[in-house]
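Please keep the sequence and the coordinates open while working through them.

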Amino acid sequence: MRVALVSFFDSSRFAEFPITHALSAMRLGAFLRQRHPEWQVRLRAFDERDWSAPTAADALRAEGFDVVGLPAYIWTLERTRQLTAELSGGPRPPLVVVGGPETRAMPYPQGWPEQTVFAMGQGEEPLTWLCEQRVTDPSFTGLNLANGLDQPLYSATRERRDAYRHAVPDRRDRRLPHGVELFGPAFDEMLVGDPVDTDFTWYETARGCIYDCSFCGHNTLPFFATFDTEFVRNEIANMRARGIRRLFLIDPILGGKAARGKEILRMFRDLAPEIALNAYMRPEFLDDEFVDLLVESHIEELLMGLQTTNPSVPKHVRGNHFGKIMKYVPYLTARGIPWRAELIVGLPGDDMAGLRESLRFTVEELRPWSVHSYHLTAIPETKLFDLLDRTDDDIWIKADEKLRVVSASSYNERELRDMLVYAGAVTSLHAHLREQGVFDTPFEELDDRVARILSDPANRAARSTFLRMGQDAGRAVWAAYGAPAS
């Protein structure tokens, strides 16, 4: 049995994330290797910059893979569909398995070959089961699936709704599926033909979240589960020995719970102090001990989602604990902890006045190293998604075909556009000034400079740049505009 697990990467972002293989592919492959060491499991990656579905399919076919696993994220879905179509033609096509968050709600069957299998939820066990079926019957495809199967899998012959009830793991089992340890000897065998040569990696110690913010996709796993402490310890040692010096910890919140987050930080501090950590944090986790550990750790950036301070936004979106926030967060930067505040633009109940106050509070009172803003997306299977098009209710949202919110009960499309432009302008100006060595600029001054550039007829193109809220492009606008450095 030969299995390929495919990732897509963007080489233009190597300065930020210099790695080709996705963590999901690494974890899936590691699990298959642990269950079936006799199988040949390989990781394969393709660059989005020179993407060609026929070329990728030819490369996979040349290696004679029996099963090919492809990712279903919103940014990979079209390439995955193209590659699936290419692989499904010709004699003895491989079994193509598509897994990832989009399989729960994406349009189906639109353009997908009927023999394709789609997996929902965590993929380790269902992918193993499918590969075992293929070993028993080399002609096995999605057409062999039927309703009533005890697996979170669907196809042209098995309804998604029948599979859905098997997509959530047993909440009594809080132990994640363990494979071979990442970056150990057995893991290295999967890289034959497509090695990892980088000092950066994605990593995880937990999945799911103990909070229930209604906009967040992590709620599709309605509890959190973890990898064993000793398992994580061994992987940290492997990463250090491999030469990993930067990683992005994608736990929804570092460690999953506060006590475990402290334990994870101690492991990295003691076992691999050279590795710089990027991680998500929630202010409610912080106490004196946690802050001290952060100071002692090698933190490259701590990301905290404030989302909004507007009390008109429903509390199910984000119930911030402002007492805890004000006790610890304003002092993180002063103690040498680089942290980033994240806000969401377009939450129902918000408006321009609320957004401006959220930005003022964040910049002036919390004093983060950087501030980023993001356009709200309605993620399927979240409480926020259920507000779509319910315009007869008090709280509602509307979204485009990519599920980006375009209007809501508290703002119209034009007002949202102004909010996006404003947020992009403020956050990129804040970043530009930081880059120039200017700190603690009063928010009133930021607000005034933004008003001037947005009202300047000679800088109409700046609005389009700020609308996309990309900080690199936004900083370039401010550099050209000549925002004073002091």
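**Exercise 1.** Locate D440 relative to the helices, then state its phi and its exposure class.

Solution. D440 lies in the loop between α12 (413-435) and α13 (443-455), where helices are DSSP runs of H or I with at least four residues and strands are runs of E with at least two, numbered from the N terminus. The phi of D440 is positive, about 60 degrees, although the residue is not a glycine. Most residues other than glycine have a negative phi, and most peptide bonds are trans. D440 counts as exposed because its relative accessible area is 60%, the classes being buried under 20%, exposed over 50% and partly exposed in between (1.4 Å probe, protein chains only).

The model is predicted, with local features requiring pLDDT of at least 70 and side-chain atom pairs pLDDT 80 or more, whereas totals for chains, interfaces and linings use all residues. Residues are numbered from 1 along each chain as its sequence is written, and side-chain values use heavy atoms, leaving out hydrogens and water.

**Exercise 2.** Which loop holds L403, and what is its phi?

Solution. L403 sits in the loop between β15 (397-399) and β16 (405-408). Its phi is near 70 degrees, a positive value in a residue other than glycine. With 23% relative accessibility, L403 is partly exposed.

**Exercise 3.** Characterise the peptide bond from Y108 to P109.

Solution. This bond is cis, with omega near 15 degrees, and P109 belongs to the loop between β4 (95-99) and β5 (117-119).
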